[in-house]
Amino acid sequence: MAESTQMEVETATQTAPLPAKPTFKPLKAHEMSDGKVQFRKISVPPNRYSPLKKAWLDIYTPIYDQMKVDIRMNLKARKVELKTRADTPDISNLQKSADFVHAFMLGFDIPDAISLLRMDELYVESFEIKDVKTLKGEHLSRAIGRLSGKGGKTKFAIENSTKTRIVIADTRIHILGAFTNIKVARSSLCSLIMGSPAGKVYSKLRSVSARLNE
Amino acid sequence: MAIVKDSGFEALEKLKSTEPPVFLAPSSKSEEARAASQHLFEKLKPYNPKSPFDELLVDGFDAEQIWQQIDMQSQPLLSSLRQEVNRFAKNPEEIRKLGNLTLKVSQKDDVDEMDMDGSESGDDELEANESEGEEEEDEEDEDEDGDEDEEEKNGDNEGIEDEFFKIKELEEFLEDGEAEEYGIDYKNKKGVAKKKKQNLRDDDDEEDDEEDEDDEFGAFAGGDDEEADKLGKAKYTDFFGGKKKETKVKWKDLSEDEAEFENDQGDVKLSTHEKERVKLQSKIEQMEKANLDPKHWTMQGEITAAKRPKNSALEVDLDFEHNARPAPVITEEVTASLEDLIKSRIIEARFDDVQRAPSMPTKAKREAKEMDESKSKKGLAEVYEDEYVRTANPAFAPTTFSDELKKEASMLFKNLCLKLDALSHFHFTPKPVIEEMSIQTNVPAIAMEEVAPVAVSDATMLAPEEIFSGKGDIKDESELTQEERKRRRAKKKRKFKAESAKEPVKKARDATTGSEGL
């Protein structure tokens, strides 16, 4: 009798087939967050206003055509606004575009900022000189001078050897590049702020970059 | 023989009867004594087959000499008697046999032997003989008792015993075994005691053993028999007169001996042995003293300077390893040899100059990326793009700065090689064909064809029209007159107007740029 009941249970489970696993198509950026449209708003600092006007088309074309994200300039609020379109393939496009515009606002050139659109692994890191060392007055000016070098050669040297782009905006420093490259560039900049001569930084940079580029 | 015997016996009898004080002074008794001793000697002779003397030689001999003879006979006799006693101790039956035989055959002789006393032969021998006689008696009595016991035992066990198995023999066998295992003590306590006591008497030196054996005797010897009691009462003290006294006696004996020696041979003179002994003693004392004293500092192991007397290390010949070579002693010869060496070296010009060590073989320096200190012309994206292309498709990768430098260098070298080859005409190699845009140089054909240096002629390849296509007089700016300048200017204006008439059509399309007005 017991066996027969067991048998019944097994057959019962077998007779009711499991429902098929549902397969969904990947969500479009537009449909994400329940079909609402997503926005990004990037404010424009006053010093970047005229460069923005000059390079507007260079910003607009890749975002609109390749990223498939709507972009407009809100003159009243002094903001660049981004919006997903119906045919935006991936939500990351919006974020990438936002990062690209933000990088431009920080002071990077268009060809450098464009790399953010094209590559995933690039980041922007910012820090202030006072984070590294408290400097005041002339010391601060000298530190900034040390960072740039004569005609910017120190800065370019760092940029070329570490494959990064550096923007020194008064006391703020922004670095654009891959994670490890950012680290190397940051360490060399910090050593410059702390007071080491450029030659020393070069030699260190040479060895590190050689290892990096292998 | 009988006469002699009788005379000897008579002599003995006479000696017995004499008063003891008579022996102290030399008297006529000596002849009698000699005769008596001869008689005794003969009597003992048959029991002593080893003795060298057949009879005691008395005539014309010293008392010493006679005594020596007797001693020589009696010593082995004593040992043989001892052996006999031991044998009897083991086998009581034999005593019975012997006793019976002797009693029957030669009673007289035994009596004579047993009744020995008062002769010059010595007290020790007499005592030994007396004690031996006593012991023999005791042993005989014991054997009689033993025999009685044995007879009783046989009567009881008739039922078990066989012609093969006898309980008496079994018991004897067991007793033998036990005796072997534990010593003869178990079997015959009394016999053992006697034997051991005899051994003790002989070995004067082993006092410790004697004391231990005395204890053993206390344990074992304590039988119910009368004989056992007799022997048991015969204690150590009887023989040696007390343990403590013994040692003192011994030392006293030694000193007495020494004193006797000295007294015998004078106070000052010592025998060679004694002298040696004295020397040895002094030596021994010295050595002992040295051992007791603290050691010399050289023998004390590790010593610091504080522990040894001042400047004592100078006196001792110390031996230790020198790590440094000792300084060479400069003699005439040494200097002469050095100078010769110097001269010869100068003549040969073989100086041991220090040569610069060869530097390490230079590795091919890794292609060090030059530190570019100018703003990079490519954007960051382009940099990564180039990198990607290089890794993905090496063929399509654009040339790097180093590549270009390499190219330039290779070009320069090829040119140089060509020129050098031209100088040596033997093997003519034409100029390598470089696929470039053909360069029309305004050089005469003869210069192109011939490699050898050419003379002065300047015939050009280009046609005159190609050189200059123009009409009329050609005048320089400075040569022109005013009218001609005006004419030129007017011409220019006309041309420009004609061109500007075409352009506004184009410029209308372009809305962003501000038109540059005319």
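This is a predicted model: local features need pLDDT of at least 70, side-chain atom pairs count only at pLDDT 80 or more; totals for chains, interfaces and linings use all residues.

Student: What other stretch of chain B has pLDDT under 50?

Tutor: Residues 109-136 of chain B. The model has 32 contacts beyond four places in sequence there.

Student: Which elements of chain B have the lowest and the highest mean pLDDT?

Tutor: Helix 10 (residues 207-220) of chain B has the lowest, 47. Helix 16 (residues 332-348) of chain B has the highest, 95. For chain B the mean is 72, and 60% of its residues reach 70 or more.

Student: What scores does the predictor give the complex?

Tutor: An ipTM of 0.81 and a pTM of 0.39.

Student: Where is Ser376(B)?

Tutor: In the loop between helix 16 and helix 17 (380-392) of chain B.

Student: Why is Ser376(B) called buried?

Tutor: The cut-off for buried is under 20% relative accessible area. Ser376(B) has 19%, so Ser376(B) is buried.

Student: Which residues does Ser376(B) touch, leaving out those up to four places away in sequence?

Tutor: Asn160(A) and Arg165(A).

Student: What makes the pair Ser376(B) and Arg165(A) a polar contact?

Tutor: The limit for the N or O atoms is 3.5 Å. The side chains of Ser376(B) and Arg165(A) make their polar contact at 2.9 Å. That value is within the limit, so the label holds.

Student: How do you know that Glu385(B) forms a salt bridge with Arg118(A)?

Tutor: The rule asks for a side-chain nitrogen of Lys or Arg within 4 Å of a carboxyl oxygen of Asp or Glu. In Glu385(B) and Arg118(A), the closest N and O atoms are 3.0 Å apart. The pair therefore meets the rule.

Student: How many salt bridges does the rule find across the interface of chain B and chain A?

Tutor: It finds 3. By class, the side of chain B that touches chain A has 5 nonpolar, 3 polar and 8 charged residues.

Student: How many residues of each chain are in contact?

Tutor: 16 residues of chain B with 23 residues of chain A. The area buried between the two chains is about 1,700 Å². Carbon and sulfur atoms give 56% of that area.

Student: Which three residues supply 39% of the area that chain B buries against chain A?

Tutor: Met371(B), Leu380(B) and Tyr384(B), more than any other three residues.

Definitions and conventions: Residues are numbered from 1 along each chain as its sequence is written. Chains are lettered from A and ligands numbered from 1 in the order in which they are written. Side-chain values use heavy atoms; hydrogens and water are left out. pLDDT is the predictor's confidence in each residue, from 0 to 100. Helices (H or I, at least four residues) and strands (E, at least two) are DSSP runs, numbered from the N terminus. Contact means heavy atoms within 4.5 Å. Buried means under 20% relative accessible area, exposed over 50%, partly exposed in between (1.4 Å probe, protein chains only). A polar contact is a pair of N or O atoms within 3.5 Å; within protein, one must be able to donate a hydrogen and the other to accept it, and residues adjacent in sequence count only if both atoms are side-chain atoms. Buried area is the accessible area (1.4 Å probe) that two parts lose on being put together, summed over both. Ala, Val, Leu, Ile, Met, Phe, Trp, Tyr, Cys and Pro count as nonpolar, Asp, Glu, Lys and Arg as charged, and the others, Gly among them, as polar.
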